[in-house]
Amino acid sequence: MYLSHPNGRDFCITCQKDFTGLAREEVLAAVTDARQVHQFGPGTLLFNSLTPFDKVSENLRRTGSVFVRHVCPATGHFHLHDRDSLIGLLASQTLPSIDLRLSFSIQTRVFGHGSTRAFDVNRALSNRLERSGALLNVREPEQVVSVMVDGSEIWFGVSWASQNLSDWTGGEHRFQRAGDQITRAEFKLLEALAHFDISMAGCCRVLELGSAPGGWTRVLLNSGLRVVGVDPSEMDSRVRSNRNLVHLRMRAEECFPHLSGRFGALLSDMRVEPGRAAELVCKLSTLLAPGAPLIVTLKLRVRDARLVTQRALRVIDTRFDVIGARQLFHNRHEVTVVAIRR
Ligand SMILES: C[S@@+](CC[C@H](N)C(=O)[O-])C[C@H]1O[C@@H](n2cnc3c(N)ncnc32)[C@H](O)[C@@H]1O
């Protein structure tokens with residue numbers, strides 16, 4: 001049985017579970033009439049509001065939300081009495097909202113303990129919609145059908161992929177582990193490059209602060225870049241002997257007199273206080289070519305994360321144009337800031 005929500009304007013956001021309070025504050029600041037009505041699981045919240053979803057998405061962007069990783073509409077809701085009717089109900093309710101000339105994909109999340117599997121819903125529903133003429137494109141869809149299953153309660157909504165803040169289900173950008181991967185931190189860099197659409201191709205020579213043990217360095221070297229890594233700790237043997245790597249075994253605070261020439265990009269994953277990271281990248285910005293990208297992770301404590309992030313962004317803003325700050329899926333207690341040297 002289909003029970004359209006009386007207000008019909010629910011939306012679902014996802015964030016890192018420890019930062020749920022901050023993400024909730026961002027939603028309430030961006031969508032002033034929103035109120036939380038459900039929590040699917042850690043870091044996945046349902047809000048009700050009279051604001052249309054396109055405005056919700058636009059406001060989250062405009063107000064510079066950092067901790068909301070993903071948002072999707074949940075404009076339809078039903079209680080499932082009969083599991084066999086799930087796909088038929090979802091197909092009939094979502095098809096009218098899908099533009100058949102443009103591609104779509106299904107992004108299902110299942111919460112709690114049920115026998116429904118997200119993969120099965122994705123496959124069965126996309127088969128059904130394809131039979132009705134819709135164009136499936138799982139990797140780069142223009143439209144997304146979001147489905148949240150929580151026991152016998154089902155929520156769903158259709159949106160443009162670009163409205164969801166991330167193309168990935170719940171913003172969970174997954175990468176295949178490479179055989180010679182050095183650290184899981186490599187995923188942070190790959191996700192930042194993809195999310196902010198940054199190409200390092202023309203950067204030639206990169207300055208990397210906090211480079212040990214060398215996960216990011218491995219990614220950069222594999223892209224054909226030359227790297228100057230600055231870190232008092234030792235680099236992993238898999239990158240140490242690479243002739244395109246110069247390792248300055250010292251703290252970033254001491255490296256300035258040892259550097260010369262221009263760098264095409266500045267990266268920092270230093271485990272230091274965010275204000276210090278911001279000051280250091282600004283000091284070293286004089287070594288960057290104009291237009292060079294900066295990627296810096298800010299290590300945060302939950303209790304003052306917002307204040308500390310805002311302060312660090314103000315410092316970075318004195319030398320760079322900030323493109324964005326976002327807690328990505330592969331960031332734990334940190335956010336990634338991407339900016340461009342003026
Ligand atoms: C999270 S790890 C970096 C991991 C690296 N991105 C990778 O993929 O292998 C943080 C690094 O910051 C370094 N670090 C801490 N304080 C630093 C400082 N003042 N200057 C340079 N590096 C620093 C630590 O030695 C540590 O190796």
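Two residues are in contact here if their C-beta atoms, placed from the backbone, lie within 7 Å. By that rule, Ile 87, Leu 90 and Ala 91 in α3 meet Ala 124, Leu 125, Arg 128 and Leu 129 in α4. Sorted by type, the residues of this contact are six nonpolar, no polar and one charged. Nonpolar covers Ala, Val, Leu, Ile, Met, Phe, Trp, Tyr, Cys and Pro; charged covers Asp, Glu, Lys and Arg; the others, Gly among them, count as polar.

A word on what you're looking at: this is a predicted model, where local features need pLDDT of at least 70 and side-chain atom pairs count only at pLDDT 80 or more, while totals for chains, interfaces and linings use all residues. Residues are numbered from 1 along each chain as its sequence is written.

Back to the helix pair. Helices (H or I, at least four residues) and strands (E, at least two) are DSSP runs, numbered from the N terminus. Helix α3 spans residues 86–94 and helix α4 spans residues 118–131; they pack at an angle of about 50°, with axes 9 Å apart. That angle makes α3 oblique to α4, since angles under 35 degrees count as roughly parallel, over 145 as roughly antiparallel, 65 to 115 as roughly perpendicular and the rest as oblique. The axes are lines fitted to C-alpha atoms, for helices over the stretch in contact, and angles run from 0 to 180 degrees between N-to-C directions.

Now the ligand. It is surrounded by 22 residues, the closest being Ala 185, Gly 210, Gly 215, Ala 252 and Asp 269; a residue counts as near if its C-beta atom, placed from the backbone, lies within 6 Å. Helices α5 (185–195) and α6 (215–222) each supply at least two residues of this shell. By type, the shell divides into eleven nonpolar, five polar and six charged.

The peptide bond from Ala 212 to Pro 213 is cis, with omega near 5°, and Pro 213 is found in the loop between β10 (205–209) and α6. Two residues have a positive phi although neither is a glycine:

| Residue | Phi | Loop |
|---|---|---|
| Asp 197 | about 55° | between α5 and β10 |
| Cys 204 | about 60° | between α5 and β10 |

How exposed is Asp 197? Asp 197 counts as exposed because it has 8 C-beta neighbours inside 10 Å. Cys 204 is partly exposed, with 14 other C-beta atoms within 10 Å. The cut-offs are 20 or more for buried, 12 or fewer for exposed, and in between for partly exposed, with C-beta atoms placed from the backbone.
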